[in-house]
Amino acid sequence: MSAVSVRGLTKRFGGVRAVQDLTFDVPEGQVTGFLGANGAGKTTTLRMMVGLVRPTAGQVLIDGLRYDQLRQPRRTVGAVLEATGFHPGRRGRDHLRIVGQLAGVSRTRVDAVLDQVGLAGAADRRVGGYSLGMRQRLGLGAALLGEPRVLVLDEPGNGLDPAGMAWLRTLLRELAGQGCAIVVSSHVLAELAQTIDRVLVVNAGRLRFAGPLSDLTRTGTSLEAAFLKLTEPDGEGVPAGADLRSTR
């Protein structure tokens with residue numbers, strides 16, 4: 001079942017078309033990788049999904065509603081779009097308590113999330129002293145407070161060490177196993193290939209591929225090789241299920 005439905009999504013900034021007529025679904029219970037080079041339109045698309053950017057045309061529906069129509073958006077969608085926006089003088093626990101008040105969750109839930117993202121031991125430190133990886137964990141903790149059914153993550157592995165990447169991979173698989181619909185953007189394709197079930201590839205604002213990861217890798221093609229083929233200058237993109245043996 002699709003938790004997120006994107007139809008004809010388009011965004012123009014002046015004369016620049018950042019996103020052009022994207023149509024895809026994000027199913028529940030799966031991790032969907034959202035791939036594209038810098039400037040491909042990924043972040044703009046993710047921001048439109050959570051109501052931070054207004055589409056020029058098309059729409060994103062989450063459980064059949066636009067983000068601004070959701071009654072309890074933080075309990076439906078959790079998002080990590082950048083590891084910033086934290087007051088440097090505020091303690092990690094206090095940051096989550098403030099976010100938790102907005103989401104209507106208890107302090108007990110805050111403590112549970114701190115443990116879930118591995119920050120229980122640093123919860124009373126000021127965020128200004130956190131590393132980038134710790135700020136990523138804090139942002140993910142804020143996204144998880146409302147126990148959302150949908151997670152939207154833009155480069156959540158930035159700043160994480162190898163152990164942190166393994167932890168993130170396990171966490172995302174566990175959340176998907178609980179029915180969460182997850183869309184994650186990352187440039188670390190080798191790591192992403194160990195995590196995702198489905199792939200979306202965009203290039204120059206257009207969708208080049210949407211389908212199961214197995215459709216890209218079933219012939220022995222790596223995710224990286226398939227991605228490079230799909231996004232090369234003369235690439236036309238291929239439909240799900242196409243024969244990609246030429247990308248090896």
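User: In which loop is the place of threonine 195?

Analyst: In this predicted model, threonine 195 lies in the loop between helix H7 (189-192) and strand S8 (198-203).

User: Is threonine 195 buried or exposed?

Analyst: A residue is called buried when its relative accessible area is under 20%. Threonine 195 has 5% relative accessibility and therefore counts as buried.

User: Which residues does threonine 195 touch?

Analyst: Leaving aside residues up to four places away in sequence, threonine 195 touches Val31, Arg169, Leu172 and Arg173.

User: How many residues of H5 are buried?

Analyst: H5 is mostly covered, with 11 of its 13 residues buried. Among them are Met134, Gln136, Arg137, Leu138 and Leu140, together with Gly133, Gly139 and Gly141.

User: How is a pair of packed helices described?

Analyst: Two values are used: the angle between the axes and the distance between the axes. For H3 and H5, the axes come within 9 Å and cross at roughly 25°. Angles under 35 degrees count as roughly parallel, so H3 is roughly parallel to H5. The crossing of this pair is right-handed.

User: Which residues make the contact of H3 with H5, and what are their classes?

Analyst: H3 contributes Gly92, His95, Leu96 and Val99, while H5 contributes Leu138, Gly141 and Ala142. By class, this contact has 4 nonpolar, 3 polar and no charged residues.

User: At what angle do the axes of H3 and H4 cross?

Analyst: The axes of H3 and H4 cross at roughly 130° and come within 10 Å. H3 and H4 are therefore oblique to each other. Their crossing is right-handed.

User: Which residues of H3 and H4 meet, and how do they divide by class?

Analyst: On the H3 side, Arg93, Leu96 and Arg97 meet Arg107, Val110, Asp111, Val113 and Leu114 of H4. The residues of this contact divide into 4 nonpolar, no polar and 4 charged. Leu96 of H3 takes part here, and Leu96 is also listed in the contact with H5.

Methods
Residues are numbered from 1 along each chain as its sequence is written. This is a predicted model: local features need pLDDT of at least 70, side-chain atom pairs count only at pLDDT 80 or more; totals for chains, interfaces and linings use all residues. Side-chain values use heavy atoms; hydrogens and water are left out. Buried means under 20% relative accessible area, exposed over 50%, partly exposed in between (1.4 Å probe, protein chains only). Helices (H or I, at least four residues) and strands (E, at least two) are DSSP runs, numbered from the N terminus. Axes are lines fitted to C-alpha atoms, for helices over the stretch in contact, and angles run from 0 to 180 degrees between N-to-C directions. Angles under 35 degrees count as roughly parallel, over 145 as roughly antiparallel, 65 to 115 as roughly perpendicular and the rest as oblique. A crossing is left-handed if the near helix is turned anticlockwise from the far one by less than a right angle, and right-handed if clockwise. Contact means heavy atoms within 4.5 Å. Ala, Val, Leu, Ile, Met, Phe, Trp, Tyr, Cys and Pro count as nonpolar, Asp, Glu, Lys and Arg as charged, and the others, Gly among them, as polar.
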